[in-house]
Each structure stands twice: as structure tokens, then as C-alpha cells.
Amino acid sequence: MELDVLVTEGLGDTSYVLTWGDEAAVVDPQRDVERFVDAARAHGATIRRVVETHVHNDYVSGALELRAATGAEIWGPAEAGYAFGYRPVEDGTEIPFGDATLRGLATPGHTPEHLAYLLRDGSERVALFSGGSLMVGGTGRTDLLGPERTDELTRLQFRSMRRLADLPDGVRVFPTHGAGSFCAVGSPGERRTSTIAEERATNLSFTETDEEAFVRRQLTGLMAFPAYYADMAPINRAGPPVLGAPPRPRAMTPDQVADALAAGARLVDVRDGAAFAERHVAGSLNVPLEPSFPSYVGWLLPFATPVVLSVPDDERDDDALDEASVQLRRIGWDAVLGHLEGGIDTWTASGRATRSFPILRLEQLVDELAAGEAGEILDVRQTTEWDAGHLEGSRHLFVGDLPERLDGFDPSERQTVICASGYRSSMAASLLDGAGVPVRLVARSGVPRALRSLAASR
């Protein structure tokens, strides 16, 4: 048997391709399925089964794409409520796979219908595909379906952990969620896989035997999660459209882009914050093209808003366009109308106005803070980050909450926007600039370094 571990870094998720002879199975595939087909083909295998652990809240499943591409059977929780045909799995259902089996284990908590799958080779229990239940260093969140179900699901998660704790030490653990996922509770670090023995030694959520203590730990210090999550489960239950090989977004002239924006589309500029600050289309949203790009697009815009992309104006623009398109498809954002051909240079050459705002080096901000001359400072990190330490006199407003709070800013007061690294502050600065609020951006650095510099100067 061969196992390929395919990580989708930005969403913090991992999918798995198992091959046995000439057949393969995929666990929790993302929507860009070519990489799974290629992984199976590299072992001389064809994908025959797609196995889902739960109805995903953070991405659109690639199960239907894989079935269309390979004819694979889809297996998933009997209680998932899928509107398309699939093979329902209950606790104890066995899925044949070569000479081995994948046995469904009811592990509700992260979602009500959640299943883990225990890989058995004969009588030996080899591996656990744990989905959003047991994770490396933690467990899956239980609050994603709303406060009315949080307590119930948290207690179910406790019982699921106790059930999995009975597995032998040598069983390998292959979670779907991990580092970088907003679905995780705990500190997964960078490791994607583990063993039952390692989790027993290090994972406090796994070894907790007191239900009330587990509930407290599970619900303490949680980060905000993206707004688009609310749209994922309905799409996955209904079955997302099968795209096949989606075309690259079409090239659009400045006139076409202007018409689209006038009709309600949004221009999403994927350049880094410093380049955006220097020159950009008025009202455009800056979300730099890093692994978490789709999460923040889905956080800052109403889901499925028609978008036009603006990519870097150099030889890398084709790669950036392809990457941005794939990342958006992973969260079901199919309303990409096209891209501004030639980027900001073409827009400027057409005679249309652009905007800019200043960049502030961290050293300048530290000097201003020491002299009491910094003015209004807006910290757009998560609440947990703010609580761990922030700049004296600064104001906190998480970037994900900013679109609904823009009317609370005085357009005569300049905001110096900062986060931990310059990534989220670039988004916030673009939103404020688009709303007519004067801004300065602290780019490529942030609060932790500023706090260290201030401490060292005292």
C-alpha cells in the first residue's frame, strides 16, 4: 500500500491518496482534483473510491469532481444529508480496499455526522483517518454550527476522543485539519500526521478524562473564523457544480472592468501591500496572494460577490492568476469574471485615476510612539493576539469585522494600520482607503517586533 499526503497549506487541510495495486481511494479531497488523479496515476492506479469524513465547513468538496473525472464511488456519513447519490457509511460500515478495509467510526463533535475511518490490514489496525475529530496536538472545533449546538457538540467531541483513546499506540493518525486551519482547537504546530502514542503523550484534549474540563479547554481562546464558512455546508450537501477543467479567467480591458465594477463587482488586487499602497484602483480590495488568500476574500466580501482579479504586472502574472483562481475555486467562489489585463499599468494608461497611501516603516512608528506623536493606531489582529500584547494607546478591531464597521471612522482622523506581519493590515488599509479614511500602512512587520523594540529602548 502507498499513501500520498497532499497538503492545502492556506486552508490548513490535508487530503490523502491511498493506493493498493491498481486502485486508489481519496480521503477528503479538495476541489482541484488534478493533483489527486496525478498522485494515483504515479502509482499506476485509478481512483475508485472517494471517502468523506464529514460535511466540510471550510472548503468545497472535490468528491463530485473526482467522480466525474474517474467514475469513483463516493462514500460518506449516512447522516450527512447529501442530495446526490453516494454510499452511506454508518458506525461499523466497512469499505473494501484491496486486501484491507476502511471501517467507519462514529466520532461526532466537530460536526454531528462526523466519521473517522480506521484502516485495517487483516486483524491489524494500521491507521486512523480522523478528519476533524482527533488532530495533531488538538481536536476539531465544535462551535462552527452556532451557539445553540456548541455545548451538545463539545460533549459529543469529548466522548469521541475517549473512544479513539482506546486505539493501540501504533495506529498512525492522519487528520484532515491541522496547522493553519480555523477548524482546529489547540496548537497543532507544523506537523500534519502523528500516532496514537504521540497524541497520548502530548495532546491534552486527547487525554482529558474530565468532561467539564474538556469543555472549558475546547471553548477557551478560540479565534474568529471566516464568514464564508456559513456557505460551505449547504453547498457540500447540495453538491457543488462540476467544473471539469475550468478555463482561466478571461482578460478584461479597463473599460470592461469599469463596467463590471459599476454593476456591483469588486476588484481584488493580489499584489503585496507595499505595491498596492503605491498605486491602486480606487475602491479595490487588497488581499495579497499568500496561502490564506481565499480565507480572507471569503471573510471580507459577501460570499460569491462577482470579482475581477488584478495580478502583478510582470512575468509572474500568469502563475498568480492561475493560483488565485484555484484558491477561490476551493471555497466555491466561481464568480470570477476575469482579470484586468496588464494590471494597474493598463488602468493608468487608459487615463483612469488611481489612489495611493503612505507606507510607514516600523522604526518610524516606534520613534513616533516614544515621542507620543503616533496618532491613531488601528490593530487588526485577532482578539487572542491583542490580549497577548498590544501597543499602548492603540485601538483594536479585527480585520474580519472591519467591513461592517467602516462608518464608525472619522474621515478627518488618519489611521496607522498594523497587524503581526503586514499581511492583514494591508487588507484593512485598502478597506479604509476605499471608504475615504486616510491611512498609513505598517508593511512587512508588526506589533510583536514593535513591542520588542520599545522594550529594548527602555
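This is a predicted model: local features need pLDDT of at least 70, side-chain atom pairs count only at pLDDT 80 or more; totals for chains, interfaces and linings use all residues.

User: Good. Which residues does Asp-379 touch, then, leaving out those up to four places away in sequence?
Analyst: Asp-379 touches Trp-386, His-390, Arg-395, His-396, Leu-397, Ile-418 and Val-447. Asp-379 itself is found in strand E23, which covers residues 376-379.

User: Is Asp-379 buried or exposed?
Analyst: Asp-379 has a relative accessible area of 1%, so it is buried, the cut-off being under 20%.

User: And what does the side chain of Asp-379 pair with?
Analyst: The side chain of Asp-379 makes a polar contact of 2.9 Å with the side chain of Arg-381.

User: Changing topic: how many residues does helix H3 have?
Analyst: Helix H3 runs over residues 147-164 and has 18 residues. From its first C-alpha to its last it reaches 26 Å, close to the 26 Å expected at 1.5 Å a residue.

User: Which residues of H3 are buried?
Analyst: The buried residues of H3 are Thr-150, Leu-153, Thr-154, Arg-155, Gln-157, Phe-158, Ser-160, Met-161 and Leu-164.

User: What about the packing of H3 and H6?
Analyst: Helix H6 covers residues 211-218, and it packs with H3 at an angle of about 115°, the axes being 10 Å apart. The crossing of H3 and H6 is right-handed.

User: Which residues meet there?
Analyst: From H3 there are Asp-151, Thr-154, Arg-155, Gln-157, Phe-158, Arg-159 and Met-161. From H6 there are Glu-211, Glu-212, Phe-214, Val-215 and Gln-218. Sorted by class, this contact has four nonpolar, three polar and five charged residues.

User: Let me pick Asp-151 in H3. How accessible is Asp-151?
Analyst: Asp-151 counts as partly exposed because its relative accessibility is 40%, and that class lies between 20% and 50%. The C-alpha atoms of Asp-151 and Val-215 are separated by 7.8 Å, although these residues are 64 residues apart along the chain.

User: Now helix H2. What do the buried residues of H2 pack against?
Analyst: They pack against strand E3 (23-27), helix H1 (34-42), strand E4 (46-51) and strand E5 (73-77). The buried residues of H2, which covers residues 63-70, are Ala-63, Leu-64, Glu-65, Leu-66 and Thr-70. Just after H2, Gly-71 takes a positive phi of about 80°.

User: E3 is where Ala-24 is placed. What is the relative accessible area of Ala-24?
Analyst: The value for Ala-24 is 0%, and Ala-24 is buried. Leaving aside residues up to four places away in sequence, Ala-24 touches several others, including Val-17, Ala-40, Ile-47 and Phe-97.

User: Where is His-43, and what does it touch?
Analyst: His-43 is in the loop between H1 and E4. Not counting residues up to four places away in sequence, His-43 touches Glu-2, Asp-4, Thr-19 and Gly-21. With Asp-4 there is a polar contact of 2.7 Å between the side chains. His-43 is partly exposed, with a relative accessible area of 31%.

User: You gave a positive phi for Gly-71. What is the phi of Ala-304?
Analyst: Phi of Ala-304 is near 70°, a positive value in a residue other than glycine. Ala-304 is found in the loop between helix H10 (293-300) and strand E20 (307-310), and it is partly exposed at 35% relative accessible area.

User: And what about the phi of Arg-444?
Analyst: Arg-444 is not a glycine, yet it has a positive phi of about 60°. Arg-444 lies in the loop between strand E26 (439-441) and helix H16 (447-457). Its relative accessible area is 63%, so Arg-444 is exposed, the cut-off being over 50%.

User: Last one: is Asp-433 buried or exposed?
Analyst: Asp-433, found in helix H15 (residues 423-434), is buried, with a relative accessible area of 5%. Leaving aside neighbours within four places in sequence, Asp-433 is in contact with His-280, Arg-355, Ser-356, Phe-357 and Val-439.

Note on methods: Residues are numbered from 1 along each chain as its sequence is written. Side-chain values use heavy atoms; hydrogens and water are left out. Helices (H or I, at least four residues) and strands (E, at least two) are DSSP runs, numbered from the N terminus. Buried means under 20% relative accessible area, exposed over 50%, partly exposed in between (1.4 Å probe, protein chains only). A polar contact is a pair of N or O atoms within 3.5 Å; within protein, one must be able to donate a hydrogen and the other to accept it, and residues adjacent in sequence count only if both atoms are side-chain atoms. Contact means heavy atoms within 4.5 Å. The expected span of a helix is 1.5 Å times one less than its number of residues. Axes are lines fitted to C-alpha atoms, for helices over the stretch in contact, and angles run from 0 to 180 degrees between N-to-C directions. A crossing is left-handed if the near helix is turned anticlockwise from the far one by less than a right angle, and right-handed if clockwise. Ala, Val, Leu, Ile, Met, Phe, Trp, Tyr, Cys and Pro count as nonpolar, Asp, Glu, Lys and Arg as charged, and the others, Gly among them, as polar.
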